[in-house]
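This briefing is meant to be read with the sequence and the model side by side. Please keep both in view while working through the points.

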Amino acid sequence: MSQVPDQHGRFGPFGGKYVPETLMNALIELEEAYLKYKDDPDFLEEVRYLLKQYSGRPTPLYYAERLSEHLGGAKIYLKREDLNHTGAHKINNTIGQAVLAKRMGKKKVIAETGAGQHGVASATVAALMGLECKVFMGEEDTKRQQLNVFRMKLLGSEVIPVMSGTRTLKDACNETLRYWVSHVDDTYYILGSVTGPHPYPMMVRDFQRIIGVESREQILEAEGRLPDVVVAAVGGGSNAIGIFHPFIEDKDVRLVGVEAAGRGVDTEEHAATMTKGRPGVFQGSMSYVLQDEGGQVLPAHSISAGLDYPGIGPEHSYLKDIKRAEYVPITDKEALDALGILSRMEGIIPALESAHAIAQVLKIAPTMSKDEIIVVNLSGRGDKDVESIMSYLAVEEGQQS
Amino acid sequence: MSITTGSNAIDTVFAELKAKGETALIPFMTMGDPDLETSVALVQAAEAAGAHMIELGVPYSDPLADGPVIQRASERALKNRIDLRDCMAVASKAKVLGVKMPFILFTYFNPALQLGLERFFDLLKEHGFSGVIIPDLPLEEDAETRALAESSGIHLIPLVAPTSQARVERIAAQAKGFVYCVSSLGVTGVRSTFHDGIDSFLSTVRKAASVPICVGFGISSREHAERFAGQADGVIVGSAIVRQVEDALPLLTSSDEAERKQGLQAIQDFIAGLKPRTSVS
C-alpha cells in the first residue's frame, strides 16, 4: 500500500484542506512545524518521556479470561487505554500537540470537546506546560457533563459554552475554528480527533499510533502471533486509527470499526456515518458525512457523547473504500448491555464509546474458534458516564413499568 | 487594472464604474430569510438603492466563515428547507422582474458538490449568474471547479486574507471577476477596527491582481465604505444588511402589504446610505 496521506493531505479521494483562506497559512505553518519535528530525536524523546512518566504508558494488553470463557469463542484481549492519565486515549494526542505547540512558540491553546474527554486532556497538558487554554463545548454538553466542565476549570482552563447550531460537538468544532481564525497569530488549536483539515488527520493518527504499536508487540509476546480481529469504536476515529494503523500491512488481521447506531440506523437518531452517510466536505476535509440530499449536515445522535458526531476521519473513509477495514453499527441499547456485561464479568466499567466496541465483540467472539484472537481497544473508562447511564436506565424502567 | 473585454457582466460593470470613477457597492443577502419571495423583493430593493452587483448567500448548516448574524439568518432560512436551487431561482425571478445588475452566488462547497459540479455550473448559467464565491474552497482544492467555471463563463471569485502572504500572488494571478480581500481576521460580522496591516495588504493585492479588488468582512457603514473607496474597486457589505433584515422581520413577514413595503423600504434606505460618495475627479 502506498503511503497516505500524500503531500496534499489526501487519502485517496478523501482528506484535503477545505477551509477559509484566513486559515490556510496557519495550517501550512502547522504542517511545516510538524514535518520539521516529527522525526526530531529531542521532540520524540520529550513526547516518549511524558507518555511514560506522566501518562503511564505502555498501557497493558489484558487477557479478559472470564469474558472469553463466558462467550465460548475467541480469546479476547483488552487494550487498556482507560488506564492512561485522565482516563482515555485522548492524552496520547494532546501530549504530542502540546509539545509541538511549545516548540512553535505558542503560549495559548484552544480545543473543542464533546463529552469533555479531549477538553480535560487538553486542559491537563496546558496546565503541565504552562499554556493558557480555552475549551469550546456545546452548551447542551456543558449541562450533560457538568463534572468535566468543573474538572477543566480546576485545571485552570476556561470553558466557553457554544450557543450556535446544535449546541453539541459539531458546533463546538465550528466555533473553535472560528475563534482560531480571529486569533491565528498567537494561538495553537489542539484538535482532538483524526478529522478536520490536513495536517490534523495525519498528525493525530501519528500521535495515536502508539496504541497499535504497543498492542502488536504485546500480542506477539503473549500469543506468539498476530490477532485475527482488531475492534475499536469510531466517532471521529482517533482511537480506532491509533490501534488499526500498525496492523494495516498485516493483511490477515481484520480491522473492525464500530460506529454508533443510536436508536437504530433506520431511525433519524443515530451517528452511523459509514452506514448511512455519503462522501462530502465537512469541517475541512472530504470524508463520509451524514447529510441530507442538498448537502446540509444532519445532527447526529448517540448515547455516547464521544461518538455523537456526523463526520468521520478521512483515513477511515479511505480504509472503507479500499475494503481494508469494515465498519458496523451498534445501538445505544447494545452498547449499554455490553457495558453491564464487561462490568460484571471483568470488573471494568468501560466508557460508553468503548462499550460499542465491546458490544461488537459480544457478537463475533462466539462465532469464532477458541484458538482465534480478538484485540479490542478499551479507549476510556466509564466513570464519566455513570450519571448518564443512570438517567438512561431510569427512563427505560419508567417506560417499562 | 486591466479589464478583459469578455461578455461577463461583472467585467462590464467594473469597466463602467472605472470610467465614472465610482466604487462598486456589493450587498450580500442570505436567501430564504425570511422567505424566497421576500428575497426577490430585497434584491429589487438593493438595485433600487444603487447596488452595482449582488451576492446571493446560500444558507448552510455549518457556515465556518460566518459570524453570528449570518449564522442566525442561515438557521432561519434552513427552517424553511431552502436549498441551493431555490437560491439560484431568486436570480432568475429577479431578472424577470427587471433587475439588471450581475448576480454572484455565495455558497459553501458541500451543497455544490452534492448537486454535482457540472450540474451546478449548468444551473448557474441557466439562472443567469455571472460569478460564484466558495469560501471553503482554497486554491489547493479548486482545480476541477475552476476549470468548470472557466468553460461555463462564470467567474470563480477567490478570497485573499491579510495572512495569505506568499499566497496572494498565486491567488490574484488567476483570479476572475475580482479579488475578494478579507479586511480583518475572523468571521463575517460588524466590527469597529480592521486589520492593522490592511492598507499595505490591499496595495500588495492591487499589485498582484489583473482584475478589480474588493474589500469585505466587517464593512457596515458609509464611513467604512469611503475609507476603502480610494484603495479598492468595490466594497462588500453582508452582515450589516442581514442584521437590518433581521430587525425588519416583523414588517417583512407582515400580512399587511403596507407594513411589508415599509420593511423593504427600510432595507433599501439602509443600502442606499452605504454608498460611498466618490467623485470623478
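In which loop of chain B is the place of B:F217? B:F217 sits in the loop between strand 8 (213-216) and helix 10 (222-229) of chain B, where helices (H or I, at least four residues) and strands (E, at least two) are DSSP runs numbered from the N terminus. This is a predicted model, in which local features need pLDDT of at least 70 and side-chain atom pairs count only at pLDDT 80 or more, while totals for chains, interfaces and linings use all residues. Residues are numbered from 1 along each chain as its sequence is written, chains are lettered from A and ligands numbered from 1 in the order in which they are written, and side-chain values use heavy atoms, with hydrogens and water left out.

**Backbone features**
- Most residues other than glycine have a negative phi, and most peptide bonds are trans.
- B:F217, although not a glycine, has a positive phi of about 80°, and with a relative accessible area of 8% B:F217 is buried (buried means under 20% relative accessible area, exposed over 50% and partly exposed in between, with a 1.4 Å probe and protein chains only).
- B:Q165 is not a glycine either, yet has a positive phi of about 45°; B:Q165 lies in the loop between strand 6 (159-160) and helix 8 (167-173) of chain B and is exposed, with a relative accessible area of 58%.
- In chain A, the peptide bond from A:R57 to A:P58 is cis, with omega near 0°, and A:P58 belongs to the loop between helix 2 (41-53) and strand 3 (61-63).
- Another cis peptide bond joins A:H198 and A:P199, with omega about 15°, and A:P199 is in the loop between strand 8 (187-189) and helix 9 (200-208) of chain A.

**An annotated lysine in chain A**
- UniProt, in an unreviewed entry, lists A:K90 for "modified residue: N6-(pyridoxal phosphate)lysine", and such annotations may be inferred rather than shown by experiment.
- A:K90 is found in helix 4 (residues 90-103) of chain A and counts as buried at 16% relative accessibility.
- Leaving aside neighbours within four places in sequence, A:K90 is in contact (heavy atoms within 4.5 Å) with residues including A:Q117, A:H118 and A:S238.

**A buried glutamate in chain B**
- B:E55 is found in strand 2 (residues 54-57) of chain B, and B:E55 is buried, with a relative accessible area of 1%.
- Not counting residues up to four places away in sequence, B:E55 touches several residues, among them B:F28, B:F106 and B:Y180.
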